Amino acid sequence: MPPHSTPILLVEDTPSLARVYAEFLKKDCSAVTTVETGAAALEQLADGVPRIVLLDLQLPDMHGMDVLKRISAQALPCAVIIITAHGSVGVAVEAMRYGAYDFLVKPFSAERLTVTVRNAMERLRLAQLVDSFEKDLGRSRYHGFLGSSLAMQAVYRIIDSAASSRATVFITGESGTGKEVCAEAIHRQSPRADRPFIAINCGAIPKDLMESEIFGHMKGSFTGAVADREGAAARANGGTLFLDEICELAPDLQTKLLRFIQTGTFTPVGGSRLEKVDLRIICATNRDPLREVEEGRFREDLYYRLHVIPIHLPPLREREDDVLEICRQFLADYTREEGKGFVRFSPAAEQALRTYHWPGNVRQVQNVVRNIVVLHDGDTVTPAMLPAPLGTPAGAAAPLPANGGGNGQGGSHAHAQGSAAQAPSPKAVKPLWEVERDAIEEAIAACDGNIPRAAALLEISASTIYRKRLAWQAEGKL
């Protein structure tokens, strides 16, 4: 069969007409199989489904409509074009009701036949495309991720494409967006899924121990090295090594990591023998890596060696209604774990969850829902059960007490009393974007204009601040 041929089944009991139709279609690069009876057509369909079925209604052993009904009942993925010398509106309507694509009345020209077949093929192609998009866009769960927003569907598609490769993946995103979940998803979707997944948080290990943690050490190589120890690189051999908070690596270790990535070899601390491993590296950071390069804290050559396939995880506030899906799942999990009776959020509570900006992203959601389940009970979560700052108007951050906060309990109590005594007037409630802008600008001022430092204190990425400030400047709001 030619590489671009279209498999067509022609069911026509008049041999001369069948030969003419087949010649018409072969000129259009179609592979035509001809049968003369309904029984033979059903046998062909059982052996393999063609793309197009050209079906004569007047067959010697059965009516063509019976063949069409069988195709419809089995939901076979083919387009049926009815051929008959006795055209009528009633027959056409019945044929369409059982899924026929078109209706040709004899006699018809070669052009009419070929155009109809081409149109049927295009319809099948578009239907397959729609099915593919629906499959992709319909995913609400994906290897530990929960969310069906368009932003997350894009992430899922990148993981699907990148997983089979051994290319390095660089994940960016704010704290709490699920960077380690993303790394595990890539590993589980990859051919290395049955091999080790080793994760290291580069910001949680003392700098003088980081080299040993990655590459291992030999007994006696430093104080406390009482035995040989295998490093993460050796343990991840054949699998995946995930380096979280990669921008926290010290400059000298960045140089060694670059050589390791280039050669696939390393020497344990205190050792003399070169070891070789086969692994895939995935790294992540909540900082703006290009800004780190520009400010001299991260090697440019290492950045370009690692930044092969970038994946940016969107913050929760940019993920449409994913927050409600995540909250409901956490509510079900923690309710079962704590033996409580919650089954739903009230509409008002859902509105508060939807409009809050979630600076801590999914990790903050997790803590909020656990707080609700542990401290309350019932079947419905109400706004009164939401912890601060979600209980404040429009989900804005709760104001700090004048004395600087004191202990957490006293501050919360004073705020609760103040809220009960005097509700804020409508003019006192600022728009959420204004609250966010003021918080960002105050943090930048407190850091003497150092935006990366301000971003770290706010627990967001510097790129988020730059993007928002540009938008506010364009709208005349800054």
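This is a predicted model: local features need pLDDT of at least 70, side-chain atom pairs count only at pLDDT 80 or more; totals for chains, interfaces and linings use all residues.
The protein chain has a mean pLDDT of 85, with 88% of its residues reaching 70 or more. Over residues 393-421, by contrast, the pLDDT is below 50, and this stretch has 20 contacts in the model beyond near neighbours in sequence.

Five strands form an open sheet in the order β9-β10-β13-β8-β14, and their pairing is parallel. At the edges stand β9 (197-201) and β14 (309-312), and because each has a single partner strand, one side of each is left without a neighbour in the sheet. From one strand to the next, the twist averages 20 degrees. Within this arrangement, β13 pairs with strand β8 (residues 169-172) in the parallel sense over four bridges. Helix α6, which comprises residues 150-163, lies across β13 and β14 and runs at about 155 degrees to β14.

The loop between β13 (280-285) and α11 (289-294) contains Asn286. This residue, Asn286, counts as buried because its relative accessible area of 19% falls under the 20% cut-off. The side chain of Asn286 makes a polar contact, at 2.8 Å, with the side chain of Ser175. When residues up to four places away in sequence are not counted, Asn286 touches Gly173, Glu174, Ser175, Lys179 and Glu245, together with Ile460 and Ser461.

Note on methods: Residues are numbered from 1 along each chain as its sequence is written. Side-chain values use heavy atoms; hydrogens and water are left out. pLDDT is the predictor's confidence in each residue, from 0 to 100. Contact means heavy atoms within 4.5 Å. Helices (H or I, at least four residues) and strands (E, at least two) are DSSP runs, numbered from the N terminus. Buried means under 20% relative accessible area, exposed over 50%, partly exposed in between (1.4 Å probe, protein chains only). A polar contact is a pair of N or O atoms within 3.5 Å; within protein, one must be able to donate a hydrogen and the other to accept it, and residues adjacent in sequence count only if both atoms are side-chain atoms. Two strands pair if DSSP finds at least two bridges between them. Axes are lines fitted to C-alpha atoms, for helices over the stretch in contact, and angles run from 0 to 180 degrees between N-to-C directions.
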